[in-house]
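The paragraphs below go through the fold, then a few residues, then the charged pairs. Please keep the sequence and the model open while reading.

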Amino acid sequence: MRIFTSFSISYTNVVLFIILITAACIQPIRAQVKESSELFKTLADKDSLLFNQGFNRCNYKVLENIISKDFEFYHDVSGVQNRTDFFKATRENICSNPKRKPIRKLVSGSLTVFPLKNMGQVYGAIQKGTHRFYIKEPNKDLYLTSTAKFTHVWLLVEDTWKLKTVLSYDHQGPT
């Protein structure tokens, strides 16, 4: 019986060792870049321009400069939009009523970036995260209206990052 117990412990140790080695080998395969990387910082900056300037402050010039000419927007509630439709919807739904202005905030720590490469050269990136939407009204605190996930495909076009595709999904109410 004592030999069997020793074998069980040894067998368990071997299995744990194999699991740890496998996990150590798989981890470097993840393509997500670190938050300290230049790519992450650049795309976090683009996210800030897109939402803090474009969405929250209705700065159309910023939006026009970062959104690709062949832009595609897929929303799980309001459907599909191209660049023209997106700008029209932004003007009519996001920026038309300053007394009831939607505001977007990125959920801290949720942003991830995955480079897209061709023959070792970065040509784009996938950016994912979670954001919350609020309403700003005069003389009131912001109040939460929804939380959603997003996936953005950014392409590097002539040394400039352009937002090509947006997936906005899993919209949940404030509860």
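The model is a predicted one, in which local features need pLDDT of at least 70 and side-chain atom pairs count only at pLDDT 80 or more, while totals for chains, interfaces and linings use all residues. Residues are numbered from 1 along each chain as its sequence is written, and side-chain values use heavy atoms, with hydrogens and water left out.

N139 has a positive phi, near 60°, in a residue other than glycine. Its relative accessibility is 85%, so N139 counts as exposed; the classes are buried (under 20% relative accessible area), exposed (over 50%) and partly exposed in between, with a 1.4 Å probe and protein chains only. D170 also has a positive phi of about 60° and is not a glycine. D170, however, belongs to strand β7 (residues 160-172) and, with 32% relative accessibility, counts as partly exposed. A positive phi, near 55°, is found for C58 too, which follows α2.

As a whole, the protein chain contains four helices and seven strands, in the order α-α-α-β-β-α-β-β-β-β-β along the sequence. Of its 175 residues, 35% are buried. Among contacts (heavy atoms within 4.5 Å) with a separation of 6 or more, 56% are between residues 24 or more positions apart. The protein chain exposes about 11500 Å², of which carbon and sulfur atoms supply 57%; accessible areas come from the Shrake-Rupley method with a 1.4 Å probe, and for residues only the protein chains shown count as cover.

Helix α2 (residues 38-57) has a set of buried residues: L39, F40, L43, K46, D47, L50, F51, G54, F55 and N56. An α-helix has 3.6 residues a turn, so residues three or four places apart point the same way.

What does D47 pair with? The side chain of D47 forms a salt bridge with that of R104, at 2.8 Å from N to O; a salt bridge is a side-chain nitrogen of Lys or Arg within 4 Å of a carboxyl oxygen of Asp or Glu. This pair links distant parts of the chain, R104 in strand β3 and D47 in helix α2, 57 residues apart. Both R104 and D47 are buried, R104 with 2% relative accessibility. The R104 side chain also makes a polar contact of 2.9 Å with the side chain of H131. A polar contact is a pair of N or O atoms within 3.5 Å; within protein, one must be able to donate a hydrogen and the other to accept it, and residues adjacent in sequence count only if both atoms are side-chain atoms. Apart from residues up to four places away in sequence, R104 touches several others, including F51, F55, F133 and F150.

W154, in strand β6 (residues 143-157), is buried at 0% relative accessibility. Its side chain joins that of Q127 in a polar contact of 2.8 Å. Beyond its neighbours within four places in sequence, W154 is in contact with residues including L43, K46, I66, Y123 and W161.

R83 is part of helix α4 (residues 83-94). R83 is buried but has no salt bridge, and E64, the nearest side chain of opposite charge, is 5.5 Å away; Lys and Arg count as positive and Asp and Glu as negative, while His and the chain ends are not counted. A polar atom of the R83 side chain lies 2.5 Å from the backbone oxygen of I67.

The whole structure has six salt bridges. One of them joins the side chains of E137 and R100 at 3.4 Å, N to O. E137 is in the loop between β5 and β6 and R100 in the loop between α4 and β3, so this pair ties together parts that are 37 residues apart in sequence. E137 is buried at 15% relative accessibility, whereas R100 is partly exposed at 43%. E137 forms another salt bridge with K140, the closest N and O atoms being 2.8 Å apart.

Notes: Helix = DSSP H or I, 4+ residues; strand = E, 2+ residues; numbered from the N terminus.
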